[in-house]
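Open the structure in your viewer and keep the selection tool at hand. This tour tells you what to pick next and what you will find there.

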Amino acid sequence: MNNPKLFSNILGFLLNKEYEDDTLTIETLHEMVFSETDVSLENVEAMYDKCKQVLKKAIYLDHNITSFETLVKEDFTDVQQECFIKFWKINKKKIHEIIYKKTRFNNSLDKINWRIDLKTKSKNVNEMNEPVSIVELKLKNNNNKLNSNNIIKFEMDKSQLEETLQQINNIQKHLQSKSMAS
Amino acid sequence: MEKAFSIGKLVDFQWKLGVATSSSLTTQLNTPFISVFIKVVDANEQVSSHSFELTVPEFQNFAQQFKDMSQLMVQL
């Protein structure tokens, strides 16, 4: 368990399983990574749980590197500490994003498709030559499920598109003024 | 235009910019988000409302799509 590669494997697996909804079990981790070693399944489970608790706490308190170092100091060997700190450095930002998305209870936007048409003629109008943009938004709920109610289609003529774009530019201005734009 | 059928028209576009500050998972969430609320009326005059929430990078992509559309539209 003091082998950095094996320990890092536990951390990588933990990230996938707890935060990225991977459905693999710890038995699989044991089989895949520890089958050539004398580490028992129980030991892997115990280490997994220990790392899970530490990570949960670090996330909850939003630890920076220094406080993370203090957090792992007592319960882990030097090699393990080094791996864990490196893991936190690399993944902190990504985990933060995942954590936000986990508590996004509203829909999110899964996909946006659009097409621009030039309407030339219809049954009642001989000549139109009116460009329209057709937009399809696919929404996704927190369970990652798409359903047909969540597909929105609409079209906009030039002036409507400009109005909408104006709103979008307003949002961008607000983001910039609050230095939130990343 | 009025008499030609359409697949639905955008009739309302509202937004809210907020910051999620903390949650059950972390005390320091501090993540800005944009909520969008839109109303669409279809060919049968049925109005439907939808809302969704975007992170800043998601919103930037959303904004870019509208800018791309607009650039192509003005050329027509």
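**Stop 1: where the chains meet**

Between chain A and chain B, 19 residue pairs are in polar contact, both residues at pLDDT 80 or more. Keep in mind that this is a predicted model.

Select the side of chain A that touches chain B. Which helix gives the largest share of it? It is α6(A), with 14 residues. That side of chain A divides into 27 nonpolar, 17 polar and 11 charged residues.

Now show both sides. The contact takes 55 residues from chain A and 50 residues from chain B. Next, pick Y100(A), W114(A) and I171(A). Together they supply 13% of the area that chain A buries against chain B, more than any other three residues. The size of an interface is often given as the accessible area lost when the parts come together. Here the area buried between chain A and chain B is about 5,100 Å². Carbon and sulfur atoms give 71% of that area.

**Stop 2: charges across the interface**

Side chains of opposite charge can pair when their charged atoms come close. How many salt bridges does the rule find across the interface of chain A and chain B? There are three.

Select E58(B) and K101(A). They form a salt bridge, and the closest N and O atoms are 3.9 Å apart.

Move to E155(A) and K9(B). This salt bridge has its closest N and O atoms 3.8 Å apart. The pair crosses between chains, from strand β3 of chain A to strand β1 (residues 9–20) of chain B. K9(B) counts as partly exposed because its relative accessibility is 31%. E155(A) has a relative accessible area of 3%, so E155(A) is buried.

**Stop 3: charges within chain A**

K119(A) has 16% relative accessibility, so K119(A) counts as buried.

Now select K140(A) and D110(A). Their salt bridge has its closest N and O atoms 3.5 Å apart. K140(A) is in strand β2 of chain A and D110(A) in strand β1 of chain A, 30 residues apart. D110(A) is at 35%, so D110(A) counts as partly exposed.

Zoom out. A search of the whole structure finds 11 salt bridges over all chains.

**Stop 4: helix α1 of chain A**

Select residues 4–19 of chain A, which make up helix α1. At 1.5 Å a residue, the 16 residues should span 22 Å; the end C-alpha atoms are 22 Å apart, so the two agree.

Look at the start of the helix. A side-chain oxygen of N3(A) reaches to within 2.8 Å of the backbone nitrogen of K5(A). Then go to D21(A), which follows α1(A) and has a positive phi, near 60°.

Which residues of α1(A) are buried? Among them are L6(A), F7(A), I10(A) and L14(A). What covers the buried residues includes α2 (26–34), α3 and α5 of chain A.

**Last stop: K73(A)**

Select K73(A), in helix α4 (residues 65–73) of chain A. K73(A) counts as exposed because its relative accessibility is 56%. Finish by finding N129(A). K73(A) and N129(A) are 56 residues apart in sequence and 71 Å apart in space, C-alpha to C-alpha.

Conventions: Residues are numbered from 1 along each chain as its sequence is written. Chains are lettered from A and ligands numbered from 1 in the order in which they are written. This is a predicted model: local features need pLDDT of at least 70, side-chain atom pairs count only at pLDDT 80 or more; totals for chains, interfaces and linings use all residues. Side-chain values use heavy atoms; hydrogens and water are left out. Contact means heavy atoms within 4.5 Å. Buried area is the accessible area (1.4 Å probe) that two parts lose on being put together, summed over both. A salt bridge is a side-chain nitrogen of Lys or Arg within 4 Å of a carboxyl oxygen of Asp or Glu. A polar contact is a pair of N or O atoms within 3.5 Å; within protein, one must be able to donate a hydrogen and the other to accept it, and residues adjacent in sequence count only if both atoms are side-chain atoms. Helices (H or I, at least four residues) and strands (E, at least two) are DSSP runs, numbered from the N terminus. Ala, Val, Leu, Ile, Met, Phe, Trp, Tyr, Cys and Pro count as nonpolar, Asp, Glu, Lys and Arg as charged, and the others, Gly among them, as polar. The expected span of a helix is 1.5 Å times one less than its number of residues. Buried means under 20% relative accessible area, exposed over 50%, partly exposed in between (1.4 Å probe, protein chains only).
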